[in-house]
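Open your viewer and keep the selection tool ready. This tour goes stop by stop.

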Amino acid sequence: MTSTRKKIAALIVAGGSGTRFGGDVPKQYLPLLGKSVLQWGIDAFDGIADDVVVVTNPDHPQPENVRSVAGGATRQQSVQKGLAALRASKPDIVLIHDAARPLLARELIENLVAAAEKSGAAIPALPVTDTIKRAQNNIISKTESRENLFTVQTPQAFDFALIDKLHEKYKDKSFTDDAALCEAEGRDVTLVAGQPDNIKITHGQDLARAESLLSARNGDVRTGQGYDVHKLMPANGKKLMLCGVAIPHDFTLEGHSDADAGLHALTDALLATIGAGDIGQHFSPSDPRWKNADSAVFLRHAANLVMERGGIIAHVDVTIICEAPKIAPHRATMQERIADILQLPPARISVKATTTEGLGFTGRREGIATQAVATVRLPFISATTQKNEELKWAS
Ligand code: MG
């Protein structure tokens with residue numbers, strides 16, 4: 001008899017509109033080193049979950065390449081809607097996860113699935129190690145025993161039929177997490193060792209902490225550089241693209257794509273960090289698909305290759321070498337545009353310009369040259385895996 005692998009589903013609750021740290025973007029959509037907080041959570045289930053559903057607020061931007069359903073007025077109603085959407089695929093186990101926890105590790109998910117297969121319900125928990133005080137008006141009234149106390153996280157794993165049934169049964173009662181429904185039913189919930197760095201993004205400093213934790217996982221620091229030149233020609237109505245920004249000018253850059261020399265140099269710099277060849281290898285200048293193409297596509301592709309390698313982009317720096325147009329008035333817009341393409345905070349992007357004092361081809365205004373440097377952080381991988389990665393781009 002062949003053993004049948006259990007069917008796993010992931011339900012990610014992302015409907016919250018909490019913008020607790022000032023901005024107007026809900027925190028699950030904030031950029032975190034190359035992708036949104038939500039996307040980190042979705043990607044954590046890659047290769048584990050057979051079906052993934054994200055419960056979102058329809059007024060928010062929707063995540064790509066994943067099924068999403070509209071949430072309800074409360075977290076509990078949102079989970080119920082997500083469970084309803086998963087019914088058709090008949091999963092055995094469902095992992096219910098809050099989008100505000102982007103750092104969950106694969107090992108944690110696997111441990112939860114194994115425990116839930118046995119007991120029907122398993123959640124990640126950490127023993128309380130700090131002393132617990134009860135206080136009123138800032139005055140301590142009691143020191144509580146921390147014995148048998150735990151803080152719990154998500155994802156929480158359940159037998160699908162069980163939790164689906166309990167959410168229906170208790171839909172008029174209010175609970176703060178999904179395990180509480182099992183508790184109300186008198187069902188055992190198993191505790192699995194939680195992951196200390198599976199933090200919840202609540203305040204602004206949590207995002208900085210998440211960046212720091214992700215960076216610490218990626219200690220293999222690489223630097224790549226890129227260089228590009230495009231010829232200037234009379235504009236005739238065609239816009240001059242530099243670093244993703246259209247600049248009004250009498251001249252434009254000649255090229256097969258949109259000829260954005262800034263993004264081309266940056267794309268090459270990123271490809272260099274993972275030894276992935278050059279831009280022409282990935283986007284042939286003779287391929288009609290890239291005729292007048294938006295160079296943001298090339299840059300995003302290079303960033304995705306870095307991400308696929310488990311890497312994160314720490315910093316990028318572009319230098320534009322030309323006499324005209326003046327770059328200074330567009331510098332901030334360029335920085336924001338690159339930040340948007342790479343899903344990085346603008347503080348990790350540098351754009352600057354220089355002239356060559358009238359000397360050479362840039363001085364004669366025959367063309368514009370660009371240079372870029374990218375710093376990425378990769379996870380350390382075995383020499384064999386590394387060899388195979390490098391050979392992939394050798395041809
Ligand atoms: Mg080019």
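Which side chains meet in a salt bridge at 3.0 Å, N to O? Select Asp-51 and Arg-67: their side chains form that bridge. The pair links distant parts of the chain, 16 residues apart, with Asp-51 in strand S4 (residues 51-56) and Arg-67 in strand S5 (residues 67-70). A salt bridge here is a side-chain nitrogen of Lys or Arg within 4 Å of a carboxyl oxygen of Asp or Glu.

Before moving on, note what you are looking at. This is a predicted model, with residues numbered from 1 along each chain as its sequence is written. Local features need pLDDT of at least 70, side-chain atom pairs count only at pLDDT 80 or more, totals for chains, interfaces and linings use all residues, and side-chain values use heavy atoms, with hydrogens and water left out. Helices (H or I, at least four residues) and strands (E, at least two) are DSSP runs, numbered from the N terminus.

Asp-51 is buried, at 13% relative accessible area. Arg-67 is partly exposed, at 36%. Buried means under 20% relative accessible area, exposed over 50%, and partly exposed in between (1.4 Å probe, protein chains only).

Next, select Arg-134 and Glu-144. Their side chains meet in a salt bridge of 2.6 Å, N to O. This pair also links distant parts of the chain: Arg-134 sits in strand S8 (residues 132-136), Glu-144 in strand S9 (residues 139-144), and they are 10 residues apart. Arg-134 is partly exposed, with a relative accessible area of 49%.

Jump to Arg-364 and Glu-366. A salt bridge of 2.8 Å, N to O, joins their side chains. Arg-364 counts as exposed because its relative accessibility is 53%. Glu-366, at 39%, counts as partly exposed.

Now select Arg-75, Asp-98 and Asp-178 together. Salt bridges link these residues in a network. How many salt bridges does a search of the whole structure find? The count is 18.

**The magnesium ion**

Center on the magnesium ion. Which protein donors hold positions 2.2 to 2.3 Å from it? They are Asp-228 (OD), His-230 (NE2) and His-264 (ND1). In sequence, these donor residues follow the spacing D-x1-H-x33-H. Asp-228 lies in strand S13 (residues 220-234) and His-264 in helix H7 (residues 261-273), so the pair ties together parts that are 36 residues apart in sequence. Donors are N, O and S atoms within 2.8 Å of the metal (3.2 Å for Na, K and Ca); water is not among the atoms, so sites may look incomplete.

Are Asp-228 and His-264 buried or exposed? Both Asp-228 and His-264 are buried.

**Helix pairs**

H7 and H9 pack at an angle of about 15°, and their axes are 9 Å apart. Axes are lines fitted to C-alpha atoms, for helices over the stretch in contact, and angles run from 0 to 180 degrees between N-to-C directions. H7 and H9 are therefore roughly parallel to each other. Angles under 35 degrees count as roughly parallel, over 145 as roughly antiparallel, 65 to 115 as roughly perpendicular and the rest as oblique.

Switch to helix H2 (residues 75-86) and helix H4 (residues 160-169). Their packing angle is about 135°, with axes 10 Å apart. H2 and H4 are therefore oblique to each other.

**Polar contacts**

Keep H2 on screen and select Gln-76, which is found in this helix. Gln-76 counts as buried, at 11% relative accessibility. A polar atom of its side chain lies 2.8 Å from the backbone nitrogen of Phe-175.

Move to His-282 in helix H8 (residues 279-282). His-282 counts as buried, at 18% relative accessibility. Its side chain joins that of His-301 through a polar contact of 3.1 Å. A polar contact is a pair of N or O atoms within 3.5 Å; within protein, one must be able to donate a hydrogen and the other to accept it, and residues adjacent in sequence count only if both atoms are side-chain atoms.

**Last stops**

Select helix H1 (residues 37-44). Six of its eight residues are buried, so H1 is largely enclosed by the rest of the structure. Among them are Trp-40 and Ile-42.

Finish at Ile-247, in strand S15 (residues 245-247). Ile-247 is buried, with a relative accessible area of 3%. Draw a distance to Val-53: C-alpha to C-alpha, Ile-247 and Val-53 are 41 Å apart in space and 194 residues apart in sequence.
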